[in-house]
2 protein chains.
Amino acid sequence: MDFMTRAAEIIGEAQVLTGSDMARYTTDPTGQFHSTPLCVLRPGSTQEVAALMALADEAGQVVVPVSGNSGVSGGTHNEGAAMLSVERLNRVRAIDTVARTAEVEAGVILDALREAADAEGLVFPVVFGARGSAMVGGILSTNAGGSNVLRYGNTRAQCLGLEVVLADGRVMDLMTALHKDNSGYDLRDLMIGAEGTLGIITAAVMKLAPKPAHAVTAMIAPVSLPAALTVLNRLQAATGGAVEAFEYMPRSFVEMHLARIEGAREPFDDPHDVNVLMELAGDAALGDVAEQVLGEAMEDGLVADALIAQNETQREAMWGRREAAAEVMLPAGPAFTGDISLPVGGLADFFDRMAGRLEEVMPGATDTCVAHLGDGNVHYGAYLEGATEEQKTAGIAALDALVAEMGGSFSAEHGIGSYKLGSMARHKNPVALDVMRAIKTALDPKGLLNPGKVIPA
Amino acid sequence: MDFMTRAAEIIGEAQVLTGSDMARYTTDPTGQFHSTPLCVLRPGSTQEVAALMALADEAGQVVVPVSGNSGVSGGTHNEGAAMLSVERLNRVRAIDTVARTAEVEAGVILDALREAADAEGLVFPVVFGARGSAMVGGILSTNAGGSNVLRYGNTRAQCLGLEVVLADGRVMDLMTALHKDNSGYDLRDLMIGAEGTLGIITAAVMKLAPKPAHAVTAMIAPVSLPAALTVLNRLQAATGGAVEAFEYMPRSFVEMHLARIEGAREPFDDPHDVNVLMELAGDAALGDVAEQVLGEAMEDGLVADALIAQNETQREAMWGRREAAAEVMLPAGPAFTGDISLPVGGLADFFDRMAGRLEEVMPGATDTCVAHLGDGNVHYGAYLEGATEEQKTAGIAALDALVAEMGGSFSAEHGIGSYKLGSMARHKNPVALDVMRAIKTALDPKGLLNPGKVIPA
């Protein structure tokens with residue numbers, strides 16, 4: 001019997017998709033990555049995932065795990081692979097309101113987890129634009145970041161326990177809900193961010209945070225990036241670290257947003273170069289503290305304009321602009337993109353220097369970005385009608401090189417996938433790459449799990 | 001040439017210790033673990049560590065890394081090994097006050113790092129009794145906890161970057177100071193907590209925290225453990241999570257402290273079953289908030305007595321009792337000890353049930369503990385004059401079994417070393433153990449680095 005027939009015996013014929021039924025799995029949200037898999041398998045339990053991997057191990061069939069298909073680094077594409085979708089593992093198994101933990105399956109959509117926590121008066125703090133489609137398995141496998149990392153850390157920081165199916169079908173149970181557990185090597189963190197190359201995450205125990213009583217959301221226009229960081233530091237000091245988000249959008253992004261999104265509006269009456277969406281969360285006094293800090297910042301000439309959201313509609317409009325970043329930047333067809341991190345103080349210098357490098361390799365190109373300013377994390381896009389493949393490659397290399405010179409990383413929160421293999425080869429410590437290869441070979445000797453991703457050949 | 005002669009050519013003859021010069025490395029602080037190494041090597045740089053490991057790889061010489069020799073799990077003992085002390089790698093290379101990071105070498109003593117941070121108005125928040133001897137390499141290799149985990153997390157949470165010498169002498173440079181860096185597998189966290197079995201940590205980039213302006217230290221006597229947790233929750237809610245330490249000492253510990261430590265004094269005028277050392281840190285209003293919460297807790301019958309430290313002398317006396325735990329509990333010759341974690345709400349029940357189990361396997365035995373109450377982490381000791389080896393083994397097994405039944409871990413923050421290999425074999429997920437073995441073999445195929453630790457045979 002062939003692989004698909006045997007897989008159908010495990011999960012049922014209806015859960016083995018082929019042909020046009022696979023369409024929504026075969027193209028990524030950037031439109032850059034396409035593949036033609038053998039089939040898409042949709043197991044309904046950890047046991048079925050384990051049985052499918054045991055079968056794949058026996059048959060030598062390559063398997064690519066996929067959850068929400070919202071990744072932008074080409075992490076789930078392989079010609080001829082069996083894609084293994086975890087979407088049917090979609091139960092929030094339990095929420096413990098005393099210990100503030102949620103036991104969830106890998107196919108739970110991020111917004112569903114956020115809503116389940118909210119219903120119990122708690123917060124699951126990972127949040128980003130694709131929260132309506134991204135799933136727990138994917139946010140763990142890419143160690144996703146988002147807008148609240150400043151306060152809560154990235155997805156890794158939210159995870160206490162994991163359940164993982166290995167390449168040979170064995171189930172590794174690390175499902176602890178304890179905050180302290182030093183029982184051997186940290187296999188949990190090894191699996192988080194491994195993009196499905198070392199195992200398939202099927203379930204997790206995630207931390208939940210207390211829901212702050214009040215939130216203050218505002219758009220501010222600092223007069224420069226250094227001024228923006230000064231305001232951020234003042235807000236943190238005055239509120240004891242209550243800043244949840246501090247999101248930078250340059251004028252170029254605002255203009256692309258206005259041009260590409262129906263109903264889009266200017267953030268302020270006058271255009272500003274530096275636009276920051278900020279959100280604080282804490283107690284009832286927070287609104288007064290924020291107004292005072294922003295008032296002083298305006299008096300001190302640090303901030304040119306500020307608007308505090310007065311209701312949920314205004315708040316949603318502010319967030320809507322920021323969360324539309326993928327819809328604004330990607331369909332515009334960037335010549336190349338970057339998801340980079342830098343020492344926080346170096347951002348203004350980076351933008352200046354990058355403009356020069358871009359002009360060298362791609363004369364006439366424009367660029368834009370959105371940035372998690374407090375994390376030093378920039379989502380960068382460069383645009384040039386008719387850019388050649390050579391120019392695109394040179395652009396990425398120039399970006400990588402500048403970031404490396406400035407002590408940054410070519411990969412902050414979107415993962416490596418296929419898109420950043422060249423960056424890994426150029427800039428990751430070669431000994432670290434060798435260690436990664438040794439671990440990959442040790443855990444997946446046949447190279448069945450999402451081969452060709454993360455580690456350059 | 002033999003191994004020692006060649007090692008002396010790398011690091012100088014004076015840095016190759018033998019015979020009685022090795023005394024302070026060959027017995028652990030519990031007095032339970034002794035070994036007779038071949039020699040103690042004291043390299044002075046990362047390059048020398050690398051050259052020694054290349055030599056060991058060629059010679060097939062087992063190497064056991066050691067830093068402060070303050071571990072209590074027998075993690076640095078092997079007959080005939082070359083011990084590799086990192087104590088001469090003792091530079092604080094740099095402190096960045098803007099990014100709030102410290103680049104330090106593995107032989108920096110914990111207190112020296114704390115003092116270096118303090119001098120810059122910052123805090124390195126890892127703190128425990130052995131802070132005057134424990135070193136950065138050891139606290140990373142065991143993922144040490146301590147009294148401030150409640151607020152800051154354990155040592156893992158403080159680390160951004162690592163430099164590691166592998167078993168074959170190659171240097172793996174992961175020395176980033178970035179908070180966001182998703183460039184491949186999380187090798188940093190794999191090395192942290194691996195107890196020197198996968199590589200030798202030679203340097204690290206550690207996070208520093210802002211120094212709170214004010215601290216409130218107090219001894220309180222809650223009427224029960226559940227009452228203590230209620231007070232902890234009230235303090236956290238009233239202060240926005242400003243509790244840095246919440247340390248439980250039962251009456252039995254206070255009495256052992258009085259009996260064994262010269263100059264020891266009662267914490268209160270009257271004896272109490274539940275004694276808690278608490279510390280808050282934050283702004284100037286904190287003292288008033290703490291007094292109000294404790295006053296209400298006394299009115300509500302949750303707390304029988306409370307003393308707030310009025311000066312540094314009183315504060316030090318309070319901390320002195322808690323930090324003497326190792327001197328109080330270990331020289332008394334415990335039949336067995338445990339460093340366990342439990343779901344926080346289960347602690348009272350655990351002590352009740354453990355008393356019954358202890359009486360079954362070791363009639364007439366007494367027990368005591370100190371506990372990081374907010375983390376559910378208990379340092380347990382059982383005592384019986386003339387306990388047999390069978391009784392000791394049965395005692396550990398009974399403790400492990402109860403902890404497992406209650407959803408806890410047999411290892412919270414002291415590591416596995418040699419002492420907990422049996423616990424690992426009995427209670428760690430067998431698939432996880434296999435994965436650990438595969439990783440160990442992949443990174444140290446000759447089994448040269450601290451063999452026989454962490455992973456049971």
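Predicted model: local features only at pLDDT ≥ 70, side-chain atom pairs only at ≥ 80, totals over all residues.

Where in chain B is B:Arg100 placed? B:Arg100 lies in the loop between β5 (92-96) and β6 (101-105) of chain B, where helices (H or I, at least four residues) and strands (E, at least two) are DSSP runs numbered from the N terminus. Residues are numbered from 1 along each chain as its sequence is written, chains are lettered from A and ligands numbered from 1 in the order in which they are written, and side-chain values use heavy atoms, with hydrogens and water left out.

The backbone at B:Arg100 has a phi near 55°, a positive value in a residue other than glycine. As background, most residues other than glycine have a negative phi. With a relative accessible area of 36%, B:Arg100 is partly exposed, given that buried means under 20% relative accessible area, exposed over 50%, and partly exposed in between (1.4 Å probe, protein chains only). B:Val454, in the segment after α17 (430-443) of chain B, also has a positive phi, of about 65°, although it is not a glycine; B:Val454, however, is buried, with a relative accessible area of 0%.

We turn next to the interface between the two chains. Here 55 residues of chain A are in contact with 55 residues of chain B, contact meaning heavy atoms within 4.5 Å. The two chains bury about 4,400 Å² between them, 61% of it on carbon and sulfur atoms, where buried area is the accessible area (1.4 Å probe) that two parts lose on being put together, summed over both. On the side of chain A, the residues that lose the most area to chain B are A:Lys180, A:Asn182 and A:Tyr185, which together account for 24% of what that side buries.

Between chain A and chain B the count is 8 salt bridges, a salt bridge being a side-chain nitrogen of Lys or Arg within 4 Å of a carboxyl oxygen of Asp or Glu. The side chains of A:Arg156 and B:Asp186 meet in a salt bridge, with 3.0 Å from N to O. The elements of chain A that give two or more residues to the side touching chain B are β9 (171-174), α7 (187-191) and α16 (430-443), and the largest share, 10 residues, comes from α16(A). The residues of that side divide into 27 nonpolar, 16 polar and 12 charged, with Ala, Val, Leu, Ile, Met, Phe, Trp, Tyr, Cys and Pro counted as nonpolar, Asp, Glu, Lys and Arg as charged, and the others, Gly among them, as polar.

Over all chains the count comes to 10 aromatic pairs, where rings of Phe, Tyr and Trp (its six-membered ring) pair if their centres lie within 6.5 Å, and planes under 30 degrees apart count as stacked, over 60 as edge-to-face and the rest as tilted. The rings of A:Phe336 and A:Tyr380 have centres 6.0 Å apart and planes at 35°, so this pair is tilted. The pair links distant parts of the chain, with A:Phe336 in strand β16 (residues 336-341) and A:Tyr380 in strand β18 (residues 377-383) of chain A, 44 residues apart. A:Phe336 is buried at a relative accessible area of 1%, and A:Tyr380 is buried at 2%. For A:Phe350 and A:Phe351, the ring centres are 5.3 Å apart and the planes at 65°, so the pair is edge-to-face. Ring pairs link A:Tyr248, A:Phe336, A:Phe350, A:Phe351 and A:Tyr380 into a cluster.

Finally, A:Thr46, in helix α3 (residues 46-59) of chain A, counts as buried at 6% relative accessibility, and its side chain makes a polar contact with that of A:Glu163 (2.6 Å).

Key
Polar contact = N/O pair within 3.5 Å; in protein donor to acceptor, adjacent residues only side chain to side chain.
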